[in-house]
Every structure is written in structure tokens, then in C-alpha cells.
Number of protein chains: 2
Amino acid sequence: MKKIINQPEDVVNEMLEGLTYAYDQLIERVPGTTVVAKKNKEQGKVGIVSGGGSGHEPSHAGFVGKGMLGAAVCGEVFTSPTPDQVLEGIKAADQGAGVFLVIKNYSGDVMNFEMAKDLAEMEGISVEQVIVDDDIAVEDSTYTAGRRGVAGTVLVHKILGAAADQGKSLAEVKELADKLVPNIKTLGVALFGATVPAVGRPGFVLEDDELEFGVGIHGEPGYKKEKLQPSKALAQEIVAKLKKEFAWEQGEKFGVLVNGLGSTPLMEQFIFMNDVKALLEADGLVIEFKKVGDLMTAIDMAGLSLTMIRLEDDWLAQLNHPVTTIAW
Amino acid sequence: MKKIINQPEDVVNEMLEGLTYAYDQLIERVPGTTVVAKKNKEQGKVGIVSGGGSGHEPSHAGFVGKGMLGAAVCGEVFTSPTPDQVLEGIKAADQGAGVFLVIKNYSGDVMNFEMAKDLAEMEGISVEQVIVDDDIAVEDSTYTAGRRGVAGTVLVHKILGAAADQGKSLAEVKELADKLVPNIKTLGVALFGATVPAVGRPGFVLEDDELEFGVGIHGEPGYKKEKLQPSKALAQEIVAKLKKEFAWEQGEKFGVLVNGLGSTPLMEQFIFMNDVKALLEADGLVIEFKKVGDLMTAIDMAGLSLTMIRLEDDWLAQLNHPVTTIAW
């Protein structure tokens, strides 16, 4: 294993120290926790909290800041944070108007975030939640009942964060979230597996000429392995699956996110975006929002995912709403 | 070679198409060129132009926008753009107050940018320039007489871009640049070599337990190979070399940039930043600016570099001056 680390058991703590030092004008670590919180509180606004296992940087701490998350709760690498840590995140994000939890659909996260919700309510904080299950690759998976939550979660952070910033109530954020999540779908492809520092070898191995469609962001199995293909062919496979899910029609408005999984250069992500563009234009879609980059990674996995969002209501304006974060 | 591309000879063109499609609200491709230009011109302000070989994404096009670059000229992968392309970049960035060229010290770039400067002056555009040579690793290198220009170049873009945005004249920008560049120094370490798509194999190979200090951003040789070390030891080596160059004293003000070389996860970059912090604090430096991320990459090289800038005059304010770019 070739990594720039010290002891594998210290990676999360040292990462959080380096992160909060580097951006101490925006964020702070809640002492004695693995919670990264927004520095300037805004009383009377709903606080949005997300998080999960570490290894998905810049998610989730990179999206903490005005207009997006109030706090991110960071577990060990690819391991859900405990309920007491999530409770600390809820307290840190509470600005007197309730707290909303954005949970990626992984069994551990769902259980621990829901337990923390109960604990917070016992302490008098109103809490609502949504479970994001945007990955269309498989119906159930290694660590998940139902579909997994992956890169589309960042768009949920962005839109709900904008709504909270605009002064929406907890009930309004909940209503928005429940409508939003079914309109976000993602599918990815992996070229190399990720290496968890404490494990020291890749979680799965692909042959030199092999790739896998639909791998999860912790290396969970996808739906098929194939020989290496040109970007155009990858785009065709992925767009066709998304098209079937959305059953889109000419003239419909969408947003598009190409997300790098960790070690795939921006050069490749932009080339893939160009191939996606051709397919979406051929279908007559109106693409009103686009973004490319490493937003929800799987440590050093190679590959990328394509997220699409069907744009309704004020979602486009909320995607474009100004934020002050490290990584949006 | 496992990459998400189509034909190797098409990577730059397709990347530029994907990039300018994704961010068409900010930037545009000058038709028939490899120039990416700012979309909204601001008459009366100096235009800053940079560029070089592709493969360093998000440099340089990711820094085109209000407050930073007026245009980026993109060559083939790791290959300088031709003088006629640089001339197109100068024309695209010209807002009636002259154009300033930020050139990384590589022989091809210096020659081609200087030829373009002469061509532009023949067309009546005033042009000044600075050559950035921030890499302290070696005195001369494979493609360079003198020290190489690497990640510190992005800080030059940022500070000169702010000065131009503040309405400084071409002569004032030139004076600032000449004072600024000697106060920016960088040193890096590589764990894996980069693969140029048209070559198909890494430009250099390190053993499984080996790293190399001072590798250039095109894979040029560094100053020593060593066995894999903890992040703390890498930070010690790199900070010690920078300390010797700067000959800093307790209480001096600096800025710090940890730059990922392409396939190194943010997790590792933040851990390294934490180790750097301890060393700089021990020396009593005042660190007033910090940034971490992939800003000047070498395609899929693994590793990172540390850039330090001794802060004088208004440089801190200029680093914090607001910008509208994809990647700052």
C-alpha cells in the first residue's frame, strides 16, 4: 500500500485536524468529536446535517458552510459514525428551527442516524430526515437493503441547503426532500478498486483490461464486468440505463453531475461529459445545470459516475444559490 | 493503460469540449483554437494569460474567470502550445489595457509565449510577462534551463488576477509579478508516475516501496529516491528544504498550498497538511493563508507538493480577493 499517511488507525483524526486547520475561517471541529461544523451560526434557520463513513472526501465536510450543510459527521473509513457522534452533529447544526438529516442509504448509516434522531428529540430538538437512494445499479447490495445512496446525495445537500438558507421551515424542507430524492439517479463505472488504509490492499481487483459497471462507493459489486471500452461506449451504457429509469421525453429539463471516484483525472471526466452531452442532446433534453469533479469519492478508486436530476419547482435556482463551502 | 478516453489523439479537443460545455456560463472556447477565455469582458482592465501543456487540470482553464485569468492556452498533453495559439489567447484576454503572460519555466513554453508576445506587440497589444520558477528541487531539468515552474504558478495567477481586477496598470502588474515570484517556492514528492494517453505507459516507474522527492510535473527526475515513509517524515524533508531556501525567521507571515498531483486522495493531502502545520508552528511562523487540493496536477501521478509564499504588501488580501472560476 502506497499512501501518504502515518498510522492507518489515525487517518480520520489526522485528516480532520488538517482539514479544519486549512479552512479554519469556514469550519471547525466540535471538540472531542468527529463532527465538522459551520463556524458562523444563523439563528432561526433549519440546520442540514449529513455524514457517514470517511473516505468520500470532499464529502461530507467539504460541503459544510453557509447555504449547504450545518455539520458533517465523519465515521471511520467506510464505517458509519456512531449515534452519539451524529447527535453531536445535530446539536452543532441546531439554530433553533430544527435539524434535517440527509442519510445515504447504507444500513449502518440509516440505523445510527435514526437512533441519533430519537436521542435529539428527547433533548428537545425537532429532527426530520430523508434517505437518499440514487444509485440505480442494483436493487440490494452488500451493506444496503434497497438502492444505495451515492453521488446524487451532494445535489440533495445543495438544494436542501439553499432552501434552509432561504428560510424554509423544517416541514417545508422535509416536503421538498421527499419530492426531490426520487428525481435524482446515478450510475457509475469503476476501473480500479479502493484501498482502505487499515486493510492495505484494494477491496476488489479488476483485470488490466476490465471495468465494472455499478460498483458502489465502498467497492460493493456492480451489475456487470466488461472489457475496457472507449468513453463513448461507457456513456452509452450509463445514459441508456438512466433513460430507462427516468423514462424522459424530449424537451424535459435536467441537471447533470459527472463525479470522479477519486483517482480519475479531470481530463477523463471532461471527455466523458462531452460524450454524455452528445447523447442527451440527441434525445432533445434541456440540460440547465452541469457540474464535473470529485465530489463523492471512494478513496483512490478509479472511475466515475453520472448523476442526473429532473429539474422541477425551484431546484435549478437552488442549485445555483450562492454557497460558502470548500468543495461545491 | 486504463483510461476513460476515446482516441488518444483526441483527448485535448474532447476535454476542452466537455469543459466548456460544463461551464458555459463562465468560459468559452475561442472557435478553432485551444484557448479557453473568460466570457464577460471587462474593458480597461489588464488581461492575465497563462497556459502550457495539457494534463495539469484544473490548471489552467479552471482558473479562467473574473478576478483571475482572462484566458488559458492549452497545448497537447505535456506539450507547449504553439505561438499562434498563445497569440489567440492574448487577443481573447485583451480588454484594452494590455495583457500579462504568466509562463511556467519550461523551455518550450518560454520560447512560444515570448514569440507570441512579439506577434501581439506587432498587432498593437502591449504585453508584459513573468517566468515562474518556484520548484526548488533541482537547478536544471529535462525540459528546463533553471528551476521549473510548478504549483506555485497558481498563486501567481491568483494574486496578479486580483491586482488586474483591482484596476492595476500593466506596469504595476509587472512590478508586482517581479517581486512576487521569488517569494514563492515549491517542493513535491511522487509515489507513482503519470501516463500520457498517447504513450500508454507511465513516464517513470517507482518500486512498490519507493518514492521520489522533487519529481517535475511532467515526470522529470527529482533529487532522490527513498523507501516509502510516513507522512510526518515527508513533511520534515520538504519543510526543511523550503526553510533553507526561505531562511525564514520566527514571526514571519506565510501562506501554504498543499497540491495533489492527480490521483492522491484529499484524505492524504489533509493528513500531510496536519504534519506540515506542526513543523511550521514549531518554527513560530504565522500562517495566514492555507489551501489544499488538486490545483496543478500531472494527469494521474500520485503524490503531492508543498508550496509556500512569504506574504508581503497586499498579497494576502489578493489571495482572498473574490473570484468566479471553476477551480480556485
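Trainee: How much of residues 7-328 of chain A is helix, and how much strand?
Mentor: Over that stretch, chain A is 32% helix and 24% strand. Helices (H or I, at least four residues) and strands (E, at least two) are DSSP runs, numbered from the N terminus. This is a predicted model: local features need pLDDT of at least 70, side-chain atom pairs count only at pLDDT 80 or more, and totals for chains, interfaces and linings use all residues. Residues are numbered from 1 along each chain as its sequence is written, chains are lettered from A and ligands numbered from 1 in the order written, and side-chain values use heavy atoms, without hydrogens and water.
Trainee: OK, sheets. What is the strand order in the open sheet of 6 strands?
Mentor: E1-E2-E4-E3-E5-E6 in chain A, with mixed pairing. Two strands pair if DSSP finds at least two bridges between them.
Trainee: Which strands are at the edges?
Mentor: E1 (27-29) and E6 (127-132) of chain A, each pairing on one side only.
Trainee: And how many bridges join E5 to E6 in chain A?
Mentor: 6, and the two strands run parallel. A:Ile103 stands opposite A:Ile131 in E6(A).
Trainee: Which strands does helix H5 of chain A touch?
Mentor: H5 (residues 170-180) packs on the sheet and touches E3, E5 and E6 of chain A. Contact means heavy atoms within 4.5 Å.
Trainee: New topic. Which residue classes line the second largest pocket?
Mentor: The lining has 18 nonpolar, 11 polar and 14 charged residues. Ala, Val, Leu, Ile, Met, Phe, Trp, Tyr, Cys and Pro count as nonpolar, Asp, Glu, Lys and Arg as charged, the others, Gly among them, as polar.

How values were computed
Axes are lines fitted to C-alpha atoms, for helices over the stretch in contact, and angles run from 0 to 180 degrees between N-to-C directions.
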